[in-house]
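Hi,

Here is the structure I promised to pass on. Have a look, and my notes follow below.

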Amino acid sequence: MKLRIYPKWPQLAADQTRVEIIDWLLESDPAISWQAMRDLTDALPAIAAERARVPRVGLGAEILARQEADGSWRRAGAPAWLSTLFTFLLLRATGIDPADPAVVSAIARLDAGYRWDEEFGAKPFFEGEVEPCINGGVLALGGYFGRPTESLARRLVGEQLEDGGWNCEAPKSKRSSFHTTICVLEGLLEYERAVGSAPEIAAARRRGEEYLLKRALFRRLSSGEVAKPAFLELAFPPRYHYDVLRALDYFRAAGVKPDPRMSEAVSVIENKRQGDGRWLLDRAYDEALALPFGESIGEPSRWNTLRALRVMRWWEGRS
């Protein structure tokens, strides 16, 4: 199969690299390879077959195998809700087919068996709890896996702050948080995809997107200074943490037209590309996962490389 690397992507001289970046992604876990086929190549006929491997081979299969009888995921020393939420979000990141029978069974198990803690009302998983950063993740999972929860979406819209974003510390805090805002935006996007036209949701997302854009995706509105150095470090999995790659990948997934206010953030991504064309793993918020996800900090990252390349393709206006 002949794969095409697009003209303005990393053009690396033969003596600068030992790998073809696309092939390096394709020769990996199906969770990554099928998305590389979809987002970076012309290999359309092979995509469905590769995606079908995700529940049976590699990371997706391992996540499904680690699920407990009550539908949760657990890690020693971590609260059950923490491991469940963030391991489940990693499953979503694999792009696994929600209609696969193994996935349908896993979702039914979670739906029937898991409850949030009593202090949060002991509600079923897809109804969420109280903090918008957590509920954004829950809403994203519900939308993706066929359990969109209208009451949760409406709650999040109602919690939007005057500046357009969200903050888990509200109402005590009147200013939004980059972290909470990206979590909620991802949730609202998946909900909107699941239910179809939802003007109120779309309007809330646009206000949240504008919150980030006014800040060039990583700067303080008041001073123009970098809000947090960690926003310029590329993390996977991100847990609830914000960084510019996560933000740009959200805008790409949402079908937003590239905006000049994103250009500095895009330059950050470009400048983090290594000489061999790959991106490193700067951070890993994996302390609550029920299993290792297979990458090490400071080493070349297939997850970051995949996401950076598809962001660059989108930024350059390619279809």
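Alanine 247 sits in helix H11 (residues 244-253); helices here are DSSP runs of H or I, at least four residues, numbered from the N terminus. Alanine 247 has 0% relative accessibility, so it counts as buried (under 20% relative accessible area, with a 1.4 Å probe and protein chains only). Leaving out residues up to four places away in sequence, alanine 247 touches Ile182, Leu217 and Tyr242, where contact means heavy atoms within 4.5 Å. Glutamate 270 is 23 residues from alanine 247 in sequence and 15 Å from it in space, C-alpha to C-alpha.

Mind that this is a predicted model, where local features need pLDDT of at least 70, side-chain atom pairs count only at pLDDT 80 or more, and totals for chains, interfaces and linings use all residues. Residues are numbered from 1 along each chain as its sequence is written, and side-chain values use heavy atoms, with hydrogens and water left out.

The protein chain averages a pLDDT of 92, and 93% of the residues score at least 70 (pLDDT is the predictor's confidence in each residue, from 0 to 100). Over residues 1-19 pLDDT stays under 50, and the model has 41 contacts for them beyond four places in sequence. Where pLDDT is low, the predicted coordinates should not be read in detail.

There's also a helix pair: the axes (lines fitted to C-alpha atoms over the stretch in contact, with angles from 0 to 180 degrees between N-to-C directions) of H7 (residues 132-144) and H9 (residues 178-195) come within 7 Å and cross at roughly 25 degrees. That makes H7 roughly parallel to H9 (angles under 35 degrees).

Cheers

Terms used:
Helix = DSSP H or I, 4+ residues; strand = E, 2+ residues; numbered from the N terminus. Parallel < 35°, antiparallel > 145°, perpendicular 65-115°, else oblique. Buried < 20%, exposed > 50% of the residue type's maximum accessible area, 1.4 Å probe, protein only.
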